[in-house]
Amino acid sequence: MPKKLIFFTLVIWSIFFSSAYSDQLKEINIIGNERISNETIKMFSDIKINQSINDIDLNNVLKNLYETNFFEDVSVELKNNKLIIKIVEAPIIEDITYDGIKANKIRDAVLANLSLKPRSSYNEFLLSEDKKKMITALKDFGYFYAKIETYITDLDNNKINIKHLFELGEKAKIKKITFVGNKIYKNRKLRSLIVSEEYKFWKFISGKKFLNENLINFDQRLLKNFYLNKGYY
């Protein structure tokens, strides 16, 4: 028998047995919820009474519930045509404070596009991602050595407060810009093409003397375009 025919035969048999051993759901029992209603959880699970249910469906229920970010822990069990969903609700964030940034311009940039907000559910992964976003925003202002200490305070009724304490440190200054390799043109010429500048004490107004990854990437594009326009394809 050809290999392709064997493969498709196995697929058909697996589908047949999957449907043959699926159970028809008669009841959904939810345990552990206090703040979120049974009906809301059932809606999130995307599973319905009298629906045929198998292991794949159970995995989808878990996936659907976790993706809401409302739950800290979820487990599902199918027993005697009854779906048992056990959950632990994630704490609600009462308040989030940010200390250590005085300039409104920097503060606004750091707090833009964060996922966790007051009255939202706490999620450890989203907290970690928010801290990465804040560190990246600070680097755009030259604060390459900035640190963030985060403190979580437990409150009553499964609520928490989050406090971010920023230690900005000194801005990273560009001490020297060099060009290496078969560059054809002199350093002075290439330095005139880019935006970043070496730090000089009299350049107290310019922000181009501070290390900035976005500017460095822009400088690379400027240099590449210059060489392309000169025929160095």
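These entries go from the nonpolar cores to the sheet.

**Cores.** I kept in mind that the model is predicted. I looked up the largest nonpolar core and found 22 residues in it. Val110, Leu116, Leu138 and Phe166 have the most contacts inside this core. Next I asked which elements supply at least two residues each. I noted β6 (92-99), α4 (104-111), α5 (124-140) and β8 (159-167). The largest share, five residues, comes from α5.

I then checked Val110, setting aside its neighbours within four places in sequence. Val110 is in contact with Ile101, Met134, Ala137, Leu138 and Phe166. Two of these names, Leu138 and Phe166, were already on my list of residues with the most contacts inside the core.

**Sheet.** In what order do the three strands of the open sheet run? I read β6-β8-β7, with mixed pairing. β6 and β7 (147-155) stand at the edges. Each has a single partner strand, so one side of each is left without a neighbour in the sheet. I noted an average twist of 15° from one strand to the next.

I followed the pairing of β7 with β8: the two run antiparallel and are joined by nine bridges. For Leu155, I found Lys159 in β8 as the bridge partner.

Last, I looked at what packs on the sheet. α5 does, touching β6, β7 and β8. The direction of α5 makes about 150° with that of β7.

Key: Residues numbered from 1 in each chain as written. Predicted model: local features only at pLDDT ≥ 70, side-chain atom pairs only at ≥ 80, totals over all residues. Heavy atoms only, no water. Core = buried A, V, L, I, M, F, W, Y, C linked by side-chain atoms within 4.5 Å. Buried < 20%, exposed > 50% of the residue type's maximum accessible area, 1.4 Å probe, protein only. Helix = DSSP H or I, 4+ residues; strand = E, 2+ residues; numbered from the N terminus. Contact = heavy atoms within 4.5 Å. Pairing = 2+ DSSP bridges. Axes fitted to C-alpha atoms, helices over the stretch in contact; angles between N-to-C directions.
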